[in-house]
Amino acid sequence: MLVLGVALALSTQLSANELTANELTAYSQAVKAAVEAGEKPAPQVRITFPYGVGKLEESFANNAAGMRSLKAMVRDHKNDMILVMAYASPEGNAASNLVLTNKRAHSVKDYLVAQGFPVEQIVVRTAGEDWDGLKDMIGNKEFTGKAEVLRILSDDSLSSAQKKARVQEVAGGKAWDWLVGNVMADLRSVQVYTFTKEDLQKFLNGTLVQQQPAEQTAQPAAKATEPEKTQPVTPVVEETVPETVAEPEPVKKPETVVQPETTKQPETTQQPAAPVVVKGQKHQVTGRVVEAETGEPVIAAGVLLSTGTGTTTDFDGYYTIMATDTDVLTFSSVGYQEVTETVGLRSVIDVALPTDSMLLEEVVVLGYTTQKKAELSSAVVTVAADKLTDVTTPDVGNMLQGKVAGVMVMNSSGQPGEGAAIRIRGTGSITAGAGPLYVVDGVAGGAFNPNDVETLTVLKDASATALYGAAAAGGVIVITTKSAKSDEAQVNFKASVGIKRALMGHFKAMDAKELYEFNELFRSESWLSKVSNIPSKEDIDAGMYNFDWIGNTFKTGIVRNYYVSTSGKAGKISYYASIDHYNEQGSLINSGYRRTAARVNLTAPITERLTMNLRMNYSKSYTNSARWKTRESAYVMLPFDNPFTLDKDGNQVSDDPVLINSVTRPDNKKRWYSKNTYNYFHNELYNYARGHDEGLTGDLQLVWNVTDWLTLTSTNRYDSSGSYSEEYLDPRTSEVEDDKGSISKSEGEWNGWGTTNIAKFYKTFGVHDVSAIVGWEYGEGYTRFWGVSGGEMPAGQRSLSNCSPASILIDSDRDYNTRTWALLSQAQYSYLGKYILTASLRYDESYKFGPLNRGGYFPGASAAWVISNEPFMSGNRWFSFLKLRAGYGKTGNDSIEAFKYQDILALNAYYNNAVSAVVKQQANYNLGWEEAYMTSLGVDATIKNNWNVTLDIYHTINDKLLLERDMPPSSGFFSVMDNVGKVRNMGLELAIDGTILKKGNFTWDGGFNLGMNQNRVLELPEHNDMPLGDKVKQMVIEGRDIYSWYMPKWAGVDVNTGRPLWEHLEYDDEGNVIETTLVDTYGDATYQVVGSASPWFTGGVNTSLRWKSLTLSATGSFVVGNRIFNATRMNIMDTDGAQPGFNMQSLDNGLGWIRWIDGDPFGTNYKATHPEAMNGGNSDAHNYSSRYLEDGSFFRLRNVTLSYDLPTKLLSKAHIGAARVYVSADNLYTLTRFSGMDPEVSLEMSTYSLPGLYSDNYPVPMSVVLGIDVKF
Amino acid sequence: MNKKIFALGISLLALVSCEMDFYPSDSMTSAQIKDNPNSAVLTTDGIYSLFKDNLPYKGESGGRDGNYYIRHIHQLSETRGDNVTISGNSEDPFTQPYQYKDVSDTKNKTYSWWIAYKIIYAANSNIDVIEPKDALTNQLLGENYFFRAIAHFHMVTLYAMPYVCGRDNPGVVLRIGMDYSKTERATVGECYDAIVADLKEAIKYMEKGKNRGGANDASYVTANAAKALLSRVYLFMGDEHLQDCIDLCDELIKAAPATVKSVYSVETLAAYPTATWSSPETIWCLRFTYPSDHQAPSATIGAMYNVTEESTNGWGEWYWNDELIELFNRYKNDDGTTKDNRFAAYFTYPWFPDTVVKNEGKKMVCFPVKEGKGDFCVTRAGTVGPDPKNEADMATGLLPNADGNYEFYYNKTKYTAVKTEVNGFTRYFINANLTGDPTFFDGKTPAYIREDVDEVAGWRNGDYVRYYNTKWSGQDGQVTMTSPVMLRWGEVFLNRAEALARIGGKDTEALEDVNQIRRRAGLPEEAMFKMTNYKERGYESVLDVVLDERRMELCFEGQRVFDVFRNKKALDRRYVGYHPFEVINYDDPRIALLISNDEILATDGFEQNNQK
């Protein structure tokens, strides 16, 4: 210690001046002497830093001279080692000090390397707070409380934090203030030493170990903790002590290149004497947990016994725990890979945790910007590609289902290729679009294939989405496509094949017997036996006349997906290229989808500072749509009819469907019983609805790193897409009017280009990190579509030129241009990575609005506070990470039809074959943006080093809604598009994930997410209720949910009469209900709001179990509290005899449905759910009412996958990098009370549908898929 | 370099913050259309298309769903008379007006109210800009006055009480000129005055103009059309304008084509709906062209009346009321067929040939019974044997007893349809003393004996055949298509007949007009009315004769309900169907339809009709 003091004094003096060559030599000798004496030498060169600054600044203090000394050092010590030790003054927060010292050390190291010193001869050590330095420095100073301070600093039993706390108390804080003001500045330093290799080794093994326990690198955390995880951690070369100085024993396992490790057992630790260890008995185990790469202590790392109990490390990384020799200790911390150690007879176990680079530096792509996950200040959720693509579907929306809290995905159709509807944080807009905006590779819009997705990020919060202004009111989904991950060439091949079958849920159509019995309830015997539309009872009892229409219409479909990609680097160019082919044959006959997509992503450095990214995506898809008439008919055809060729006795003789166009069958001249006198199986032989889409997207992006604080990015995209569809009805079929045949064709085209140009600034001023972007976007587009139809063609001809000229009709022909432009800006400020402020402002212009209101300003702001970085949180055992977020933002919506502000005369009308002009729309030049204001609060936390919890609450007001405001129709206009109305969404989102259990090779992970949303309509034009829908109605009412069902309320069946009952309400003058009575006449029932199509909450669960190379994972999603209107039941299938020409839905569906029967033969009338059956229906019981409104809640096991990673050894012989085989099942199980096939119903409002309306849906299928994923 | 980039950026920004006005290629703004030399033709023809086109409505895309003006106007007029009957609730909202159980928000009313005022708006804009400088512009200006009149007329006849109930009753919103600042109901009198004034303007301008359709095309409005409409309007206005009406009709008939007086064979009449625009009978029809105007074959007016096997298009939901059938059947040939060519031409059998089992010589009693809360009638057919399920066993049929009465079972109870002579014709009523019987209405319940009963095994019609009419069928070979006749010569004769009968002292002339029409229909001389025989035939007045003739001649043309009420008569709706069993007086407040809530709610203080 004495020598040290002298050396320090010397160094203080020396550091002020440039060292001469001689002095350097002399100094080396002094160091050598110190080392020989087993003491720490004084530093050779000392570089100082301003408070909180990690960057080497030449202008600061004497650094200019110091840096000249470093230059000399490089020149004269080419064959020696350089040790760079960084210190921080103890005044700051310990955790940030660690970060800071690390930065300081590296800034000096980088300087040395820049001067030409071999990187492998530099050893970097960070020491954190330099208490010893402080003690030495104040030796000859006088200040209040000095004695007490010295006493505290000399007490080695105190931890760093304890020392600080104590010193801060001395003399009421005066001592600390003095220290800060007078000496601490000098402690913010990096000390640089030169050693010979041998000396350095001695130094590191000896003196330093004693003096600076922080430099102790750790005990063998030798085992690669998760060998199957192909996440090699490349050793940080420059920080590894060269082999020559490494302790030779025990010998390292060659495979374990995964982490740098020193195998040295420290000879001495702070433990006074090793306790006696007895097998089977608990003994004290102590040790230190450090970061493998830097040797920095890992604070608050979890140290868990296999029993589940445990402790955490202290501020300096030390821990103490009681354990037996057979116990296994698991060391873990956020951002690090886990390490396990069997205790054995050791009483000291030091561990080095390799960093998990994925987590620690996880960068989230936010579209225009990227941000470290830890520093996010708004509600952003990232879904990794492998989590996304478990489900087999070509639509990324479907994949998202149940995976992100607050993101509701409804996949309402089993039609292959059909996309799902997505609602982020509820529905704010009533009639304008409410879906999210996709931002692909940094530009709004664009196409991508799910297999090419690298990451998907959902921006839920307006503080983040405000930057996207236009159309971002429904949230933003940011897609980043894949690029080369490493220079090495890699080929990835995936293939999967599976089968799918439509889900039937509780739905069952009546079979012949049940239908006959149903008819017996309300038909006289004479009718049934003589004039009926029903085969005889004997025939039915004999099993004849019982055709399963649904079973024959929904068949097993096949799904196939092949994907091959290659990535790597060729010369200077990094590339990623893929081809993907998806082919799905639907579960409903003649429906299908196939798509081929190709992508090329190239990155080429043009100059040192200029990089080019080129991305091209092309896809073409073909769709065969399930035809509406076929789907609907499958439900309603009577089982008495058979669509295939029959003989005289009614036996099926072939699979040829017969043409039906009257009530007599052509094959055996017997009756066709169903009311619909056509056979869709015959129609399906010839008729079809099909189309194709293609799209090409090309991006050219230039990234110019102008200076180290300024980057200019220009992203330019050309986008071209086209779609074509065709519906053909053959004259040979009975479907078409007058059997004349018809064909309609329509084609659409969109092309446009856009440019997004962004300047990014980033600069650090001391502890202040500032970054900002400014940008502008501009785009032009052209849209064209037309449709023509014709008919009366010869059978089988599909050309319009073969149609009768008189039948040719132009359905539409329209084109128009569009243009968009926007200015955007964002600034972010971060203080020590602890306080983060973000603010953005965007200006958008939309051609859809009147000339004066085209501009929209969309500001956003958010703040985050990383509480876990605060001193008062250090040492807490609960939160290893805790962040509080708050944000506010405004977004805009212009998702309406174009030209709504103009007065329009439509010229597509005609009279007497002459074109005419019809007044279509009145002008509203004041039309402007629909606005959404969102306020949100969130917490991100990591609890007990394991559970990642995110909790968000939000409040959104959608104002100036784009609504068709009603005009008095006597003005000649029903409505005019205007900015009126207000809707509020409030909600809560919770997401939790973590490891539930980990034992040896077994890991069980789980996650859960939940989103609750409450929707309220706050204001409507003139406060008038707004009906949506025609017969089936929703009423938009102030103070209610936007999707409120409006209908007479069903009150069940009158036990005594079997008649239907509804509620009748009496209101007082103020509209309050004063009396509720039950009535059995439909006309007396009162229309009222009966529930809503919006769910109370939605969410998902996921879990994965991993044992060695086997993984079993499952995802589930749920929706609770929504109400579905089952129009299929009302229209036909559950109408008590009102629709006797159609089949009925079976009451035997497990939902407790019971029909009231005259005379009560089964004694069940008291619990009857269905009124008495009557010919023509029972007193309007089948009229529109909440009888058909059902609970839409469900839980669905969305996916289960069992996968096996083939052994690497085996694969390496075949030169295969990795291979995985799996079997995956989608929609295996659904828990619901819904009586239709599938409770997943549309959220979209359309001409024919309301959100939550179920009508003859094409249910989603269950599927089982076998797949393989190989990487070369 | 940086500077250049910056400069480039600024100049690009300047470039882009420019023109953002875009227009779709298939429409024009009003400013753009004014540059068009024939803009007045385009915008006037646009009004014609408003009568027939399906416009996008409340989120529905429009185009092919049968939501069009003239269909709704027809529905709201014809179903409220006593010519058609229906057999049950329909998804089509004609059920409510048919039953006089109006609700304010049915689509047929909200849509047609809106379109009427769109027609008026378009006419107002055109009247505002068209300078009558030549034959064409005079004609166009006249047409626009006509449209403004007819749309107001449609509205005031549907949404206000009959003129004869008082000029000061609330009428409808009157939009004359481009001032749209106020929305309020004018009085009935003001509305009619405005309609008369507009029609006079229309006549004035179109007499200077030239018929746009030419000699053989009645697709366009002419001065004659305006006169014919005015003659009808006069009939609505009490007795104030009867002489005006007679003068106008005289003037018209003097210039009428000779063929409008010739005898019409069954074939001629049957062919009439197939090409109304080219028939000399037509003064103005709304031309529907095939196939463009027939995109929704199941949603036309014809689809309500008819359906055939070849084309399952159509619904066939409106049937002939038995009463009307009897009216036509008073003069029969020996083979039992009717002598009236109008009936023979338009009365048709349902299409189900292989589902109908003929029961030659078998008979069945059809009669209305109570349903629901007791004021509803539904059609039931009586059976001959007790059947617990109330089903008609039609195969057996009924035979009259010795008194000519029919005994039958219904609800296990035996009833008798008693033969009664009324106005010289045989009628049947369910046996008396029914008070308290829950099945039947108090008072006389008419019964109709169906002969040669055909049983239907199909699902569509229930259990016995109901009869269709083809007055709206056949154009371009389409079962459900015709070009709706808006004004025709037959009506002009009968307008004069009505005015003559009402004005007093002109009964002979009135009967001559009636006979003119009856002769055209092929009826023999013994069926003609004379001053000496109409009372024998059960009529109390010549006006009643005229009204029955109007009922037959103009049946299913939307006129009947107005004929009855404007003459302060009551509408007897005690016949089989699916409606309340009642008599509706001409001052029944339900006659004025409830105005759409869209209109009521959009304007503070807007007066709704009180139907109670």
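Me: Is Lys339(B) buried, partly exposed or exposed in this predicted model?

Reply: Lys339(B) has 23% relative accessibility, so it counts as partly exposed. The cut-off for buried is under 20%.

Me: Which residue does Lys339(B) form a salt bridge with?

Reply: Start with the general idea. Side chains of opposite charge can pair when their charged atoms come close. Here the partner is Glu526(B), with the closest N and O atoms 3.5 Å apart. Glu526(B) sits in the loop between α16 and α17 of chain B, and Lys339(B) in the loop between α13 and α14, so the pair ties together parts 187 residues apart in sequence. Glu526(B) is partly exposed as well, at 46% relative accessibility.

Me: What does Glu525(B) pair with?

Reply: Glu525(B) forms a salt bridge with Arg519(B), and their closest N and O atoms are 3.1 Å apart. Arg519(B) is partly exposed at 28%. Glu525(B) is partly exposed at 48%.

Me: Which residues are joined into one network by salt bridges that share partners?

Reply: Ten names to trace in chain B: Glu281(B), Asp340(B), Arg342(B), Lys471(B), Arg488(B), Arg518(B), Arg520(B), Glu549(B), Glu553(B) and Glu557(B). Over all chains, the count of salt bridges comes to 80.

Me: Now chain A. Is Asp1136(A) buried or exposed?

Reply: Asp1136(A) is buried, at 0% relative accessibility. Asp1136(A) forms a salt bridge with Arg1187(A), with 2.7 Å between the closest N and O atoms. The two residues are 51 apart, both in the loop between α22 and β54 of chain A. Arg1187(A) is buried too, at 5%.

Me: On to cavities. How much space lies in the largest cavity?

Reply: The general idea first. Rolling a probe the size of a water molecule over the atoms shows where empty space is left. In this model, the largest cavity holds about 470 Å³. Its lining has 30 residues, with His74(B), Val485(B), Met486(B), Glu557(B) and Gly558(B) nearest the centre.

Me: Which element gives the most to that lining?

Reply: α7(B) does, with 5 residues. Elements supplying at least two residues each include α4, α9 and β17 of chain B. By type, the lining divides into 17 nonpolar, 8 polar and 5 charged residues.

Me: What volume does the second largest cavity have?

Reply: About 220 Å³. Its lining has 20 residues, and among those nearest the centre are Met408(A), Gly426(A) and Asn1013(A). The largest share, 4 residues, comes from β43(A). The lining divides into 9 nonpolar, 9 polar and 2 charged residues.

Note on methods: Residues numbered from 1 in each chain as written. Chains lettered and ligands numbered in written order. Predicted model: local features only at pLDDT ≥ 70, side-chain atom pairs only at ≥ 80, totals over all residues. Heavy atoms only, no water. 1 Å grid on protein atoms, 1.4 Å probe; cavity = no way out; pocket = protein on both sides within 12 Å on 5 of 7 lines; lining within 4 Å. Points joined across faces, edges and corners; volume = space filled by probe spheres on them. Nonpolar A, V, L, I, M, F, W, Y, C, P; charged D, E, K, R; others polar. Salt bridge = Lys/Arg side-chain N within 4 Å of Asp/Glu carboxyl O. Buried < 20%, exposed > 50% of the residue type's maximum accessible area, 1.4 Å probe, protein only.
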